[in-house]
Amino acid sequence: MPRIDYADISRVLASLTAGEDDQVALMATMVCELHHADDRFDWTGFYRVTAPGLLKIGPYQGGHGCLHIPFDKGVCGACARTAEVQLVPDVDAFPGHIACASSTRSEIVLPVRDKAGALIAVLDIDSDRPDAFTQDDARGLTDLLEATFAR
Ligand code: SME
C-alpha cells in the first residue's frame, strides 16, 4: 500500500525536471510521479486555464476526464475561481460537483501558479475512498507545485 512521501517525490521531481520549463512537460512528469506514489490517488491530473473563465484537460492518469470545466462548475472551477485549495471529504456534499467517474468519493484540487503569480492550471486528485485527503497532502502538494511551476 504505497503512501506518498512528499520529501522523496520532491527530490525525484527536481532531478527529473531540472532545466525544463515547458509547462505541459512538467505537468505530465508530475502527474506520472504522483499517480503511482499513492494508492489513494485514483485520478490525478491537471486542468489548464486556456481562456478567461475556462479550464481544459491537461496531462492526467486514470479514466478519461471531462474535456472542459468552466470556472463556475465543479470543484475544479471553485479552485480556479477562488485560487484556494479545495479539500472535499465527500463529493456528494459539494454542490455542483462534476462526476467524471461515479466511483469518486473525495478529492483535493489545488491552484497552480507560474513565477509571475498567474493562475495557469489546477491540479485535481480524486479518490474512490471517502475523506482520503488531509492538510498534510494540501501542504505537500502546494510545496511541490510551487517548486515545479513557480521557479
Ligand atoms: N471532480 C471534478 C471534475 C473533474 S474529474 O472528476 C476528472 C470537479 O468536480 O471539478
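Let's start with Ala83, which sits in the loop between α3 (74-82) and β4 (86-88). Helices here are DSSP runs of H or I with at least four residues, strands are runs of E with at least two, and both are numbered from the N terminus. Before I go on: this is a predicted model, where local features need pLDDT of at least 70, side-chain atom pairs count only at pLDDT 80 or more, and totals for chains, interfaces and linings use all residues. Residues are numbered from 1 along each chain as its sequence is written, and side-chain values use heavy atoms, with hydrogens and water left out.

Back to Ala83: its phi is positive, about 55°, although it is not a glycine. Ala83 is partly exposed, at 25% relative accessible area. For the cut-offs, buried is under 20%, exposed is over 50%, and partly exposed is in between, with a 1.4 Å probe and protein chains only.

Asp131 is another non-glycine with a positive phi, near 50°. You'll find Asp131 in the loop between β6 and α4 (135-149), and Asp131 is exposed at 52%.

That brings us to β6 itself, residues 119-127, where eight of the nine residues are buried. What does β6 pair with? Strands pair if DSSP finds at least two bridges between them. β1 (residues 43-51) runs antiparallel to β6, joined by six bridges, and β5 (residues 106-113) pairs with β6, also antiparallel, over eight bridges. Take Asp126 in β6: it is the bridge partner of Trp43 and also of Glu107.

Last stop, the hairpin of β5 and β6: five residues lie between the strands, and Gly117 there takes a positive phi near 90°.
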